[in-house]
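Let's take a walk through this structure together.

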Amino acid sequence: MRRIALSLALLAAAAAYAPVAAPPSSASAGTLAARIETAIRRKSHKDVQFSLGVWDARTGRRIAATAADTPRRTASVTKLVTTGGALLLLGADHELTTEARATAAPVAGVVRGDLVIEGTGDPGFSTHLVPDGVEAEMRRFARQVREAGVTRVTGDLVIDTSAFPGPGRHPGWGWREGTYDWYMAPVTAVTLGDGCVDVTALPGAAPGAPARLEMTPPNAVVQLLNRLTTTSDRKSHVVAFGPDEGDTGAAGPRRIAAKGSVWTRSTGFTASLACVDPPELFGDVLGRALAAEGVAVGGGVRVLRGPPAAPWPR
């Protein structure tokens with residue numbers, strides 16, 4: 001109940017920062033409440049539950065309410081609260097960044113230490129924002145490291161996610177069939193492709209042959225188990241993704257099983273699938289980009305999920 005009250009308070013405060021029309025009259029408020037009730041009745045169903053409240057941002061007066069005090073799982077509506085809270089606390093001009101730092105200054109191109117990637121929730125490494133793809137954006141990021149005078153790192157590539165301590169997903173969500181949908185990807189301070197990979201299913205050489213799977217970006221973190229076959233029957237063209245029943249990793253199954261059949265004349269079916277560990281995915285893809293840009297990392301990828309022992313060099 002306290003969380004709901006906080007959410008509504010944030011939204012009301014956010015609305016107060018925008019131009020607000022004059023407070024509604026009793027008649028207009030009554031009309032709005034009636035229209036809301038009509039809309040709810042139109043959408044009513046035994047499996048659908050509504051909790052709704054409308055308050056005047058200036059006066060705090062409640063205009064309309066339907067089960068407004070009943071706790072619900074807010075699902076995607078949560079974005080209204082988080083966005084409003086971020087605008088109030090950070091301001092509209094605040095930038096979410098992903099920064100590369102070294103634990104030692106480069107000498108003749110060599111960093112005798114770690115290369116640290118420090119994130120604050122930057123969503124910029126996303127196909128929604130980068131027209132030529134996340135791999136190209138990673139190459140640009142890696143190029144900046146090289147242009148800063150770094151050609152070799154003797155230590156690890158450290159992915160610092162401590163800005164978002166977690167949990168990254170709702171504790172009630174498992175990794176069952178259906179929970180690889182893109183909107184259920186973990187929320188982390190360092191992320192790539194919205195925490196997802198794009199997997200495309202393509203037909204094989206002939207009916208009965210195994211179908212093909214392609215993953216973007218290429219990586220060694222997300223593993224695919226291909227159980228797809230090729231079919232000449234268009235009606236049998238069904239592709240489903242779910243966890244590999246034999247993969248019982250503590251953090252979640254890393255192997256995603258693809259099941260069903262792909263029609264021989266299909267041009268491809270692509271799905272964005274949630275990654276179990278987005279920071280590890282980021283580190284793997286960035287490591288490849290660094291190598292392609294001429295920056296060698298002697299160690300491996302290490303994800304820092306807790307606060308660092310000391311602040312990174314700035």
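Start with L90, which lies in helix α3, residues 78–90 (helices are DSSP runs of H or I with at least four residues, strands are runs of E with at least two, both numbered from the N terminus). L90 counts as partly exposed because its relative accessibility is 46%; the scale used here calls a residue buried under 20% relative accessible area, exposed over 50% and partly exposed in between, with a 1.4 Å probe and protein chains only. Together with L89 and L96, L90 forms a nonpolar patch on the surface, with about 320 Å² of accessible area between the three. Such a patch takes residues with over 30% relative accessible area and no salt bridge, joining nonpolar side chains (Val, Leu, Ile, Met, Phe, Trp, Tyr) within 5 Å and like charges within 9 Å.

Some ground rules before going on. This is a predicted model, where local features need pLDDT of at least 70 and side-chain atom pairs count only at pLDDT 80 or more, while totals for chains, interfaces and linings use all residues. Residues are numbered from 1 along each chain as its sequence is written, and side-chain values use heavy atoms, with hydrogens and water left out.

How confident is the predictor, on its pLDDT scale from 0 to 100 for each residue? The mean pLDDT of the chain is 83, and 83% of its residues reach 70 or more. Over residues 1–21, though, the pLDDT is below 50, and beyond near neighbours in sequence this stretch has 22 contacts in the model (a contact means heavy atoms within 4.5 Å). Where pLDDT is low, the predicted coordinates should not be read in detail.

Zooming out, the chain has five helices and 15 strands. Of its 314 residues, 35% count as buried.

Now for the inside. The largest nonpolar core has 40 residues, and M138, L192, F241, L273, F282, L286 and L290 have the most contacts inside it. A core of this kind is a set of buried Ala, Val, Leu, Ile, Met, Phe, Trp, Tyr and Cys residues joined through side-chain atoms within 4.5 Å. Elements that each supply at least two residues include α4 (134–147), β5 (115–119) and α5 (278–292). Helix α5 gives the largest share, six residues. Leaving aside residues up to four places away in sequence, L286 touches I117, M138, F141, A142 and L157.

What about charges? There are 13 salt bridges, each one a side-chain nitrogen of Lys or Arg within 4 Å of a carboxyl oxygen of Asp or Glu. Here are three of them:

| Pair | N to O distance |
|---|---|
| R101 and E99 | 2.4 Å |
| R101 and E118 | 2.8 Å |
| R139 and E293 | 2.6 Å |

R101 lies in strand β3 (residues 98–102) and E118 in strand β5, so this pair ties together parts that are 17 residues apart in sequence. R101 is buried, with a relative accessible area of 12%, and E118 is buried too, at 17% relative accessibility. E99, at 31%, counts as partly exposed.

R139 is partly exposed at 34% relative accessible area, whereas E293 is buried at 7%. Salt bridges that share partners join R139, R143, R146 and E293 into one network.

Terms used. Areas by Shrake-Rupley, 256 points an atom, 1.4 Å probe, with all protein chains shown as cover.
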